Amino acid sequence: MPLATETGRVVRVVDGDTYDVLAGGITHRVRLLGVDAPERNQPFGKQAADSVARLLRPAQPVLLTRYGVDLYGRVLGAVRMPVAGRPALALDSLLVVRGWAWAWDPKHKVAGRAAQQASAAEKRRGLWKCGVVGVLTPQQWRRFNYKNKRRYGVGCTW
């Protein structure tokens, strides 16, 4: 259940699924629900973050819906981009469709989320550019030590 929805703007893109959002005079560190994007030091991490930064221009308003706080003190939330005359675009779905994040919907609450990811992989968008074999999730990446990150951190050529 949402705690609050308010208008704000993204002042910093930390990585593909974490942002600093200024809303109500307070800067919130927001962890986007529904997706898991590559870490910045992971293959395609920088491209995922850059794609979000291009979408969220500094003055562009966003709608932030807060759902709680995680163990690291980040706001767990949803970010939507208002579009004139149409429903606001959900950033989590947009990242999955463009291939810059994995769908994370363990309770299957979002209809079509797995299909969005499958379509992006099939069309080789974003992190699926070189296919699905050898693509490491952020959870797998975080478990690697330095030596393994150096070995597997190359990814396919961009």
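Modeller: Two strands are said to pair if DSSP finds at least two bridges between them, and strands (E, at least two residues) and helices (H or I, at least four) are DSSP runs numbered from the N terminus. This is a predicted model, in which local features need pLDDT of at least 70 and side-chain atom pairs count only at pLDDT 80 or more, while totals for chains, interfaces and linings use all residues. Residues are numbered from 1 along each chain as its sequence is written, and side-chain values use heavy atoms, with hydrogens and water left out.

By that rule β6 pairs with β7 (residues 86-90), the two running antiparallel and joined by 3 bridges. V83 stands opposite R86 of β7, and in this hairpin, with 2 residues between its strands, G85 takes a positive phi near 75°.

The core has 31 residues, and Y19, L56, V79, L91 and L95 have the most contacts inside it.

L95 touches, beyond its neighbours within four places in sequence, G16, Y19, L32, V35, S51, V52, W100 and A101 (a contact being heavy atoms within 4.5 Å). Two of these residues, L32 and V35, are also in contact with D17, as are V30, R31, D36 and A37. D17 is found in the loop between β1 (4-15) and β2 (18-23), and counts as buried because its relative accessibility is 3%. A polar atom of the D17 side chain lies 2.8 Å from the backbone nitrogen of A37.

W100, which L95 touches, belongs to one of the 3 aromatic pairs of the structure. Its partner is F44, with 6.5 Å centre to centre and 50° between the planes, a tilted pair; rings of Phe, Tyr and Trp (its six-membered ring) pair if their centres lie within 6.5 Å, with planes under 30 degrees apart counted as stacked, over 60 as edge-to-face and the rest as tilted. The pair links distant parts of the chain, 56 residues apart, for F44 lies in the loop between β4 (35-36) and α1 (45-55), and W100 in the loop between α2 (91-97) and β8 (102-103). F44 and W100 are both buried.

Methods
Buried means under 20% relative accessible area, exposed over 50%, partly exposed in between (1.4 Å probe, protein chains only). A polar contact is a pair of N or O atoms within 3.5 Å; within protein, one must be able to donate a hydrogen and the other to accept it, and residues adjacent in sequence count only if both atoms are side-chain atoms. A nonpolar core is a set of buried Ala, Val, Leu, Ile, Met, Phe, Trp, Tyr and Cys residues joined through side-chain atoms within 4.5 Å.
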